[in-house]
Amino acid sequence: DQFCEEVFIAKLNPRVAKIKSLKGLLTGDALTLPYYFNENMQAWVNKIVNKNQINKALVFSSSMAQYVEASSFADMRRVIDFVDVDSDKWRQYAKNKAWPGSFIYNREGKKLFQYEQHIAAEFDASVFVSEAEAKSFAESISSGREHITFANNGVDSVYFSPNNACDDLYPSGSLPIVFTGAMDYWANADAVLWFAKNVFPQLKELAPQVCFYIVGSNPAPEVLKLKEIPGIEVTGRVDDVRPYIAHAKLVVAPMRIARGIQNKVLEAMAMGKRVLASPQAFEGIIAHSGRDLVLIENEDEWVATVTKLLESESPEMGENARQLVTEKYAWNSNIQKINDLLEMN
């Protein structure tokens, strides 16, 4: 009750939502909008705003903007936290899919970008997850640039801390490498599939004790199949990811498709771990490669660098990583920026 008087939760059935999204093909809209639209939620929003005379709204992600988009909400101070440029993710997906998937994803990228531009022009402020993400979006639009800003993502550095005691869940004598993230998210699935097929076999030859743990909920079928490869474990959902991070030799983020800031990277850094990241996973994080984490550009570098780091401890990098997170990615300072935007007249 201290923070929230009433909540509305609508169950989303992916199959039904996909059918609903086809409406976008008829209206010329992004498929994302009908996919996430719920008539009962809209009715609740209308009721709550009128009943409580709400004059400020914070919206999370472009797909939710439609609930306070109508002219009846124009007098509200509306701030949207885009987080990432979602439209660009669809364009990235299109490059990695065969037709007709590539056509659908490319269309979605264009249509959703049009909607993002519209919202940025209509709302009082648009927030992105990093300075780089905000700059990229601002340079791509024709109006509303003056209302675009950023607030760095935050990490609970007390919860994600090397000082928390965690049981070691890995086999004795192994050299565990870990990836964490929701495994029904295509960008995460793509990352682990690539790593498992292109990097891990070479690592296994050089260091037979190495094992690769994929930790995250709802693994896609092709990810589950990776368990057939000796040395690879797919955990599915776990109650607590911290033991897997705490006792890993290395944390990897070999993303090939990404926008904004990867929280999985910040969480591992907060726990004082050595993180190896692709350029896509590194994007938006204010850090120095070689000091705070390691940026890896290509497949050969992945094999050579992982092998080298498995043979050494180098605790300084983990210490630098945690210090960086506590100084630049603390929730208190970053959330205050959102609050200030809401309070402006």
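Predicted model: local features only at pLDDT ≥ 70, side-chain atom pairs only at ≥ 80, totals over all residues.

Reader: Which residues does Ile-214 touch?

Author: Leaving aside residues up to four places away in sequence, Ile-214 touches Phe-179, Met-183, Val-192, Val-223, Leu-226, Ile-232, Glu-233, Val-234, Thr-235 and Gly-236.

Reader: And which residues touch the most other members of the largest nonpolar core?

Author: Ile-214 is one of them, with Phe-212, Val-223, Leu-226, Leu-276 and Trp-302, in a core of 71 residues. Such a core is a set of buried (under 20% relative accessible area, 1.4 Å probe, protein chains only) Ala, Val, Leu, Ile, Met, Phe, Trp, Tyr and Cys residues joined through side-chain atoms within 4.5 Å. Helix 8 (residues 186–198) gives the largest share, 8 residues; helices are DSSP runs of H or I, at least four residues, and strands are runs of E, at least two, numbered from the N terminus.

Reader: Turning to the open sheet, what is its strand order?

Author: The order of its 4 strands is 1-2-3-4, with parallel pairing; two strands pair if DSSP finds at least two bridges between them. Strand 1 (56–60) and strand 4 (148–150) each have a single partner strand, so one side of each lacks a neighbour in the sheet.

Reader: How many bridges join strand 2 to strand 3?

Author: There are 4, between residues 77–83 and residues 125–128; Val-83 has Phe-128 as its bridge partner in strand 3.

Terms used: Residues numbered from 1 in each chain as written. Heavy atoms only, no water. Buried < 20%, exposed > 50% of the residue type's maximum accessible area, 1.4 Å probe, protein only. Contact = heavy atoms within 4.5 Å.
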